[in-house]
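Here are a few notes to go with the model. Have it open as you read.

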Amino acid sequence: MAKHTPMMEQYLKIKADYKDAFLFFRLGDFYEMFFDDAIQAARELEITLTKRDPGQKEPIPMCGVPYHSAENYIKTLISKGYKVAICEQVEDPKTAKGVVKREVIQLITPGTVMESTMLEEGKNNYIASLSHFPDETYTVVYNDLSTGENRIALISLGWDAVIHELYNQPIREVVIASSLPDELQQQLRDRLQVTLSYQDEVTFNAEYRDLCENLHDERLVEGFSRLLNYIQSTQKRSLDHLQQAEVIELKNHLSLDMYSKRNLELTETMIKKGKHGSLLWVLDHTVTAMGARMLKKWLERPLLSRGKIEARLDVAEGFYRGFIEREDLRETLKSVYDLERLAGRVAFGNVNARDLMQVKQSLKKIPALKEVLQQFEQKEIQKLADSLAYPREIVELLDASLIEEPPISIKDGSIIKDGYHTQLDTYRDASRNGKQWIAELEQKEKQETGIKSLKIGYNRVFGYYIEVTRANLHLLPEGRYERKQTLTNAERYITPELKEKEQLILEAEEKSVDLEYRLFIEIREQLKEFIPQLQHLAETVSTIDVLQSFAAVSEANQFKRPTFTDGRLMVKKSRHPVVEQVMTDGSFVPNDISLDEEKRMLLITGPNMSGKSTYMRQLALTVIMGQIGCFVPADEAELPIFDQIFTRIGAADDLVSGQSTFMVEMLEANHALQQATDRSLLLLDEIGRGTSTYDGMALAQAIIEYIHEHIQAKTLFSTHYHELTALEEPLANLKNVHVRAEEHQGNVVFLHQIKEGAADESYGIYVAKLAGLPEALIGRASAILQQLEAGNEAASAEEVSEPGQLSFFAEEGPPEKKEKTTARESKVIRDLKELDLFAMTPLEAMNALHQLQKAAKKQ
Ligand code: ADP
């Protein structure tokens, strides 16, 4: 093995502790990477791979990034799901003996980034942790380091429920125990596309006590401790900024499984995975980043408590009615910065003076915000106004201490106001006076020497100097000046007096910069006390923003306030909130939906592409919108409060998990049947399509019967099996509806209207025609259909072929139907029958037999 230099030994020792991260090893002005890290980083970051000790037998691969621009490189690696360990020199190289001591000061991981450039404004950035207990329960903890938020849920319905819970959350990284079975780890990686991190040892520290105050279950405490242990070990700093963990009571929220979250495209679309085209895209009229994040959280967890839903609706209605005041409200909210993340940064200790200016400016808006809110009539809005506390002390502190336009750096001074601190003022005076003295000196020297171009300048190497151009040198008196530097056209001099002043000025400046830094840290520490207040304020402002967004979107799209019932569902002129937006010509056709205890299930028949799944989806979206406290896309809506929504819609293959469409279909159906209650909403679209006709139809019927009999959930079931419409007879709670289509001059026109009763035709061929399939093929399909409808259950290709039609075997004449033979066989047999054996020589017979056998073998 090659012997390494002491520094490389140090590198390897540190790297051994950070095997799954890129080790950014500080060397002077660069972070260097070596060995495999270097090879991979060079590829990922598109930087040059070089070699250390190129003269050696085995030079070490190396690449590096400049210290001052490291942030961008780190950002790239993090966004690709990697981790980066920042290893700094922790002693002064000038005084170090031997190799400078280095340590990892922070491990940056996708779930723990704090830098605002690496975070998306309107999106949380969660790190989650997952713990597994012997009683088959799990805890899931969510933490957003940038806001300090901690939420935790106990899941007792097994592993699938864990995946359903985590799915679609903005999670970048999941912390687990390495004992979690490999297969489950793989599922986390594949389904959630997250970075996995391991924390095997879990210890409870006394400093967690406050954070765990709401956790009354050992499993919750352990799950939370796993996450806190991991955060502490990576961030290497205190956890003051974290908020108390909040328990997510799953039973208090409408539960949406993974399939529904995906199928309904609540926050992102299925194919492009973007916000555009999702329900969130329609609903998001928030004006603050905090509001945008809160709206997304609400959408993920609609409410079950009627009281809470109505309370949100009351405020939304108040905002809806006061549309003039609402504009003022939106304007005021626009000037409130992201207080939630700013508070997080104050606590985390990476806030700068500019951030604090944003805090101050935002807080100064609070009285105006209160005033605008008070103009609304709704008493719930007045209550919100009352709950906004103006944190006067923070504003006064920041007003007194920080200048209005501070630089980003907190180490270079010019951040603290004059008059805030006496000692700082003294230093500043000294420096200002010194500078004044120098300005006066310049005048004096000019006069005394008569050199107009004489000037006093400053540079970092020589300090202050008097500069005289070469042409004027003869005017200088002897012996008064000491020459310091020679330039091409001038000489620079100093005098003892000048040096003395310089000393005073520099000392004062250095001291004042140091003092400013210390004062800033003090202010930051003082602000920590107010963090809970800031967080509370941030939450109220976010709530106001989301509810004004509901009002704005409801007004823009003519949504109506829903009312809630104990079971009956009636939506008049219901629309799909997203599809109607996309169809900008206003051609979306509204439909009524009605379900009650007597008719709980709708069997929807109709041609493909006629709007069946749109109809089903719009009901689910209407229910969700109602249960988050938003108005709904309809003229009138009476809704029961649903406990769960299950969907089996569309044929999106679960490509990632490698399951076939039909398997996914059955998994989704099974999940729904296992979990649904009589308070759930089931949307089953074309169940059974993925298998053969009888198989599929049998399954579809059995599923309908099962729901009817055992689950009694409100259900929309769409199908293209007309045979199923006969179920209306025996099943008392089932009702047939169909999507109307009209035939017009041989073409089908979809009216997208839902009517009572069963559809009478399938129209599939017309859809194929619309899709532009070849005319001959369409003609052929029509012929097959006619035959099938005439009673031939399974038509083989030849059975429906007719002369003049597109036929694969037209030249071979009509087939013998009774003999179950193929066309080719029948020709062989026909030829055989026609042979006149007695008119043939044995050789001719042999030849004919050979030909027949050849023909027979070809089939
Ligand atoms: P199906 O489930 O019956 O195959 P879809 O629900 O997927 O049909 O609808 C097919 C297309 O028809 C949609 O993409 C949409 O453009 C249009 N559509 C559906 N419902 C309506 C409606 N109510 N009004 C207008 N167009 C609609």
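**Notes on the ligand site and a helix pair**

1. Helix 21, residues 612-627, is the top contributor to the ligand's shell, supplying three residues. Helices here are DSSP runs of H or I with at least four residues, numbered from the N terminus.

2. A word on the source: this is a predicted model, with local features needing pLDDT of at least 70 and side-chain atom pairs pLDDT 80 or more, while totals for chains, interfaces and linings use all residues. Residues are numbered from 1 along each chain as its sequence is written, and side-chain values use heavy atoms, without hydrogens or water.

3. The ligand has 13 residues around it, with Val589, Met609, Lys612, Ser613 and Thr614 the closest (near means a heavy atom within 4 Å).

4. Now the polar contacts (N or O pairs within 3.5 Å). A ligand nitrogen is 2.8 Å from a polar backbone atom of valine 589. Ligand oxygen atoms come in too: one is 2.9 Å from a backbone N or O of lysine 612, and one is 2.6 Å from a side-chain N or O of threonine 614. Of the 560 Å² of accessible area the ligand has on its own, the protein covers 77% (Shrake-Rupley, 1.4 Å probe).

Notes
A polar contact is a pair of N or O atoms within 3.5 Å; within protein, one must be able to donate a hydrogen and the other to accept it, and residues adjacent in sequence count only if both atoms are side-chain atoms. Helices (H or I, at least four residues) and strands (E, at least two) are DSSP runs, numbered from the N terminus.
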